[in-house]
Amino acid sequence: MSDKKISGAGLRGQSAGDTALCTVGQSGSGLTYCGYDISDLADNATFEEVAYLLFNGELPTRGELAEYKAELLAMRDIPKALKEVLKLIPKDTHPMDVMRTGCSFLGNIEPEVDFSEQNKAANRLLAAFPAIMCYWYKFSHDGVEIDCTSEEESLGGHFLRLLNGESPSAQHERVMDVSLILYAEHEFNASTFTARVCASTLSDMFSCITGAIGTLRGPLHGGANEAAMDMIQKFTSPADAKEKMAGMLERKEKIMGFGHAIYRTSDPRNVIIKAWSEKLAAENGDTSLYDISVACEEFMWDTKKLFCNADFFHASTYNYMGIPTKLFTPIFVCSRLTGWAAHVMEQRSNNRIIRPSADYTGAEPRTVKPISER
Ligand SMILES: CC(=O)SCCNC(=O)CCNC(=O)[C@H](O)C(C)(C)COP(=O)(O)OP(=O)(O)OC[C@H]1O[C@@H](n2cnc3c(N)ncnc32)[C@H](O)[C@@H]1OP(=O)(O)O
Ligand SMILES: O=C([O-])CC(=O)C(=O)O
């Protein structure tokens with residue numbers, strides 16, 4: 001697969017516009033946000049700094065960061081009307097549909113009136129998404145109406161606090177922070193492109209993000225972290241994993257969490273999240289899920305030259321932190337919102353409606369026969 005030409009269906013290999021936000025597969029370890037390598041950001045920045053970077057083009061100073069974090073902290077709670085809507089959504093609804101509805105409804109009651117409010121709208125969603133997810137989850141699953149505020153310093157810590165009702169350990173807070181950094185931005189991926197197409201019609205921020213959530217939901221995109229978890233938890237050992245994966249490949253099934261539309265030999269986010277998965281496995285004392293995941297990685301590379309994308313080791317990482325599988329993709333939303341919103345702003349700053357052409361493959365020109373003659 002490494003020598004496969006990037007062309008053909010799915011607009012692969014075609015440039016669909018300019019961006020100053022991100023490069024994928026070009027320099028450094030292969031992923032940069034506004035010129036910063038992803039491994040540098042994962043080692044030396046926080047998610048709030050990355051959000052600020054994507055929205056403003058520069059990393060914040062100490063003062064700017066403190067101000068930004070205070071602004072986000074003040075916007076974490078969600079309105080009563082939104083809580084009432086979330087309470088109506090059944091327990092067996094997919095949480096991505098909850099995120100989509102939550103985002104859309106917030107746009108009903110706190111609309112972006114004009115583009116001068118775009119940063120406010122983006123920051124509001126960034127601050128409120130953990131509450132939308134956890135309020136619905138805790139109410140529908142445990143019948144508990146949680147307090148959606150917290151004094152946790154980071155958004156990652158805030159999410160874990162709402163989910164578990166207690167402050168996370170420093171290690172878990174940092175893992176969540178790194179995970180949010182890794183998922184924040186990725187150039188013209190399918191969900192971001194959705195957001196940009198919507199933005200190009202001069203639609204509002206909430207519509208752009210709602211559409212992007214629907215696109216991220218699919219298992220070929222963000223939904224792969226959940227699908228990978230469903231798969232690895234069926235494997236009983238590394239040997240069992242290899243045997244069952246061989247069967248899946250024989251049946252021409254897609255193995256979720258492997259392969260990528262742009263990267264050819266590795267996804268730079270994998271090595272970072274994999275290292276955290278290993279640390280959490282050691283902390284947990286039961287390394288079997290990590291060992292199984294490593295066996296999957298080896299098997300897929302040896303047999304198909306397919307590598308883990310960002311999603312694969314996120315599955316074991318989140319599982320080791322006790323996060324329910326169905327919340328994996330919504331966490332991706334909490335992070336990627338930053339990339340989506342930054343692309344909406346960028347599209348608006350130099351807009352032309354996105355409207356490609358199609359090659360027609362249908363019937364030759366013909367006339368309508370009266371219905372009595374058909
Ligand atoms: C954060 C993210 O969104 S990362 C992506 C998450 N998605 C997944 O993990 C889903 C599983 N992976 C896939 O379906 C694909 O690799 C995608 C959607 C990510 C990329 O799709 P494409 O760009 O079409 O893949 P690509 O052209 O590299 O595929 C090459 C070949 O490898 C096969 N292949 C690619 N990924 C996989 C996989 N995970 N399992 C089995 N076979 C695969 C393809 O079927 C294709 O075979 P073919 O040439 O016989 O048709
Ligand atoms: O770029 C892509 O096609 C998918 C991806 O990895 C992402 O959105 O993070």
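# Reading the predicted model, term by term

Tutor: Pro356 has its place in the segment after H16, where helices (H or I, at least four residues) and strands (E, at least two) are DSSP runs numbered from the N terminus. This is a predicted model, in which local features need pLDDT of at least 70 and side-chain atom pairs count only at pLDDT 80 or more, while totals for chains, interfaces and linings use all residues. Residues are numbered from 1 along each chain as its sequence is written, and chains are lettered from A and ligands numbered from 1 in the order in which they are written.

Student: Why is Pro356 called exposed?

Tutor: A residue is buried if 20 or more other C-beta atoms, placed from the backbone, lie within 10 Å of its own, exposed if 12 or fewer, and partly exposed in between. Pro356 has 8 other C-beta atoms within 10 Å, and therefore counts as exposed. Pro356 and Ala16 are 340 residues apart in sequence, yet 9.3 Å apart in space, C-alpha to C-alpha.

Student: Why is Cys34 called partly exposed, and why is Leu202 called exposed?

Tutor: Cys34, in the loop between strand E2 (31-33) and strand E3 (36-37), has 18 other C-beta atoms within 10 Å, so it is partly exposed. Leu202, in the loop between helix H9 (190-200) and helix H10 (205-216), has 11 C-beta neighbours inside 10 Å and so counts as exposed.

Student: What is said of phi in Cys34 and in Leu202?

Tutor: Most residues other than glycine have a negative phi. Phi of Cys34, however, is near 45 degrees, a positive value, and phi of Leu202 is near 70 degrees, also positive.

Student: How do you know that the radius of gyration of the protein chain agrees with that of a compact globule?

Tutor: The radius is taken over C-alpha atoms, and the globule rule is 2.2 Å times the number of residues to the power 0.38. With 374 residues the rule gives a value near 21 Å, and the protein chain has 21 Å, so the two agree. Buried residues make up 46% of the 374 residues, and the chain has 16 helices and three strands.

Student: How many residues does each domain give to the contact between them?

Tutor: The C-alpha centres of the domains lie 25 Å apart. The contact takes 19 residues from domain 1 and 19 residues from domain 2, two residues being in contact if their C-beta atoms lie within 7 Å. On the side of domain 1, the largest share, six residues, comes from H8.

Student: What makes up the shell around ligand 2?

Tutor: A residue is near a molecule if its C-beta atom lies within 6 Å of it, and here these residues are His186, Asn189, Ala261, Ile262, Asn309 and Ala310. Ala, Val, Leu, Ile, Met, Phe, Trp, Tyr, Cys and Pro count as nonpolar, Asp, Glu, Lys and Arg as charged, and the others, Gly among them, as polar. The shell therefore has three nonpolar, three polar and no charged residues.

How values were computed
Domains from an automatic or database assignment.
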